[in-house]
Amino acid sequence: MAGAFSSVPVVDIARLTDPATKAEELSKLRDAIFVVGFLYLTNTGLEGLIQRTHDNLPRLFALSEETKEKCNMINSPSFLGYTRLGAETTATKIDLREQFDFGTPGMKAWTKTDPFWQRLEGSNQYPDYPGAQELVDGYLARFDDLAQSFVRLVAECLSLPSDTFDGFKGNMSRLKFVKYPQAPENSQGVGPHKDSAGLFTFLSQDNTGGLQVLNKNGDWIDVPPIDGSLVVNIQQGFEAITGGICAATTHRVIAPTSQTRYSIPFFLGVRLDLTLEQLKDSAAHIVQRIPVSDDKKKRAVDVPSEFLSPLYSCFGEAHLRNRILSHPDVGRRWYPELYLTYSKQNLE
Ligand SMILES: O=C(O)CCC(=O)C(=O)O
Ligand SMILES: [Fe+2]
C-alpha cells in the first residue's frame, strides 16, 4: 500500500545516468518506488516526440464519428481500437473519456491452438488520419526503449542486478490516446483504479490537470502537470513480481471543467504466460534480496492483487479479465462465456 505522502516526487533520468549524481538520484527513485508508487520523470529526451504527438490529438479526435467508428474496439479481440465517450466503466461508473488503444506492432496472429488469453496480443486498427501508423509505431518503439532503461534503474535502486526484471517483459506494450471533454464539476474522467496491463505506466498529460493519486490515509493527492515530464507509476504486474513490496497506487482523473484534457499513457507490457506458481517463486526470490525491513516485507505479502488470485491461471488471464470488465461490449462479443464468469465473480 502507498505511504502517507503529500506530493509526487520528481526524478531526473539524466541524473540517474550521470556517475556524479547517480547514487543520490537512485535513492530518490527508491523512496518514490517504496513510498508513493508514482513519480515524475524528467529529462527523458523524448520531449519533442511527446509534443509532436500531443499536437496531433485535437485533429485526430476531431475526425468524424463515422471515421472513428471504423476502427471501433468492438472489432478487436485484443481490445485495440477506438472507444467512444461513455463506453468504458471503471469502479462500476461510466468514464467520461474517449480513446484510441494501440499495441506494439508485429504480434504473431492468434490461432485456436494458442491459449485463449494469448489473443490479447493482436494487431492495431489505425484511424484514417495522415501519418497515424508512423506516429503510433514510432512512439511505442521509443517508449519501449525508455521503459526498459528505466526498469533497469529501478532494479539498481532496489540493490538488485540491473537485468533482474528483463525476463518479465511481455511481447506487447500498450499505448492510448485519450481525450477528456469538459464536464460538470466533479465528474469522473476515469474512476479509481490501479493499472493492471503490465509493469510500469509512462503517462504524458497536457497542461489541464485532474490526475490524482490516493495515499495511505485515503487522501487524494494532485499530480499537477510539469512541463516536459512523464508521470510514471507502478502497475499490478510489477507489484506481483516484487511480492507487493513495490505496490501499485490507486489513481483517478477528475474530468476537466474549463478545457478539454488530452493524455497519452504508455503501459510497459508484462509476460502473459507467467503462472501463479512461477510468479510466487520469482517473487520470493526477489523479495529476499531487496534490502527493506522484515516488517515491510511482511506487510507487503498481504497486499491483495488480482494477479495473485488463484482464480486466474496466469498473468494473461488476469489481464484478460480486467479488459473484459472494463470494456464489457467487447468482452461479450469475443469472450461470451468468460464475460459471464468474470462478471459474476465481480459481483461476489
Ligand atoms: O489520463 C490520465 O491522466 C490517466 C489515465 C489512466 O490512469 C489510465 O488510463 O489508466
Ligand atoms: Fe491508470
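Where is Phe79 found?

## Phe79 and the basis of the model

Phe79 is found in the loop between helix H4 (65–69) and strand E3 (81–83). Helices (H or I, at least four residues) and strands (E, at least two) are DSSP runs, numbered from the N terminus. Phi of Phe79 is near 60 degrees, a positive value in a residue other than glycine. Phe79 counts as buried because it has 25 C-beta neighbours inside 10 Å. The cut-offs are 20 or more other C-beta atoms within 10 Å of a residue's own for buried, 12 or fewer for exposed, and in between for partly exposed, with C-beta atoms placed from the backbone.

This is a predicted model, in which local features need pLDDT of at least 70 and side-chain atom pairs count only at pLDDT 80 or more, while totals for chains, interfaces and linings use all residues. Residues are numbered from 1 along each chain as its sequence is written, and chains are lettered from A and ligands numbered from 1 in the order in which they are written.

The residues around ligand 1 are Val178, Val190, Asp195, Leu203, Gln205, Leu211, His251, Val253, Ser263 and Pro265. A residue is taken as near a molecule if its C-beta atom, placed from the backbone, lies within 6 Å of it. Strand E9 (198–205), strand E13 (251–254) and strand E14 (261–269) are the elements that give two or more residues to this shell.

By class, the shell around ligand 1 holds six nonpolar residues, three polar and one charged. Here Ala, Val, Leu, Ile, Met, Phe, Trp, Tyr, Cys and Pro count as nonpolar, Asp, Glu, Lys and Arg as charged, and the others, Gly among them, as polar.

Helix H5 covers residues 132–157; at 1.5 Å a residue its 26 residues should span 38 Å, and its end C-alpha atoms are 37 Å apart, which agrees. The expected span is 1.5 Å times one less than the number of residues. The buried residues of H5 include Val136, Leu140, Phe143, Ala147, Phe150 and Val154. An α-helix has 3.6 residues a turn, so residues three or four places apart point the same way. Just after H5, Ser159 takes a positive phi of about 60 degrees.

The axes of helix H3 (residues 47–61) and H5 come within 11 Å and cross at roughly 150 degrees. That makes H3 roughly antiparallel to H5, a term for angles over 145 degrees. Axes are lines fitted to C-alpha atoms, for helices over the stretch in contact, and angles run from 0 to 180 degrees between N-to-C directions.

Arg59 has its place in helix H3 and counts as exposed, with 10 C-beta neighbours inside 10 Å. Arg59 and Tyr129 are 70 residues apart in sequence and 8.8 Å apart in space, C-alpha to C-alpha.

## Other loop residues

Asn186 lies in the loop between strand E7 (174–180) and strand E8 (188–193). Its phi is near 60 degrees, a positive value in a residue other than glycine. Asn186 is exposed, with 8 other C-beta atoms within 10 Å.

Val223, in the loop between strand E11 (220–222) and strand E12 (230–234), is buried, with 22 other C-beta atoms within 10 Å. The C-alpha atoms of Val223 and Phe38 are separated by 9.3 Å, and the two residues are 185 residues apart along the chain. Arg84, in the loop between E3 and strand E4 (89–90), is partly exposed, with 14 other C-beta atoms within 10 Å.

Note on methods. Parallel < 35°, antiparallel > 145°, perpendicular 65-115°, else oblique.
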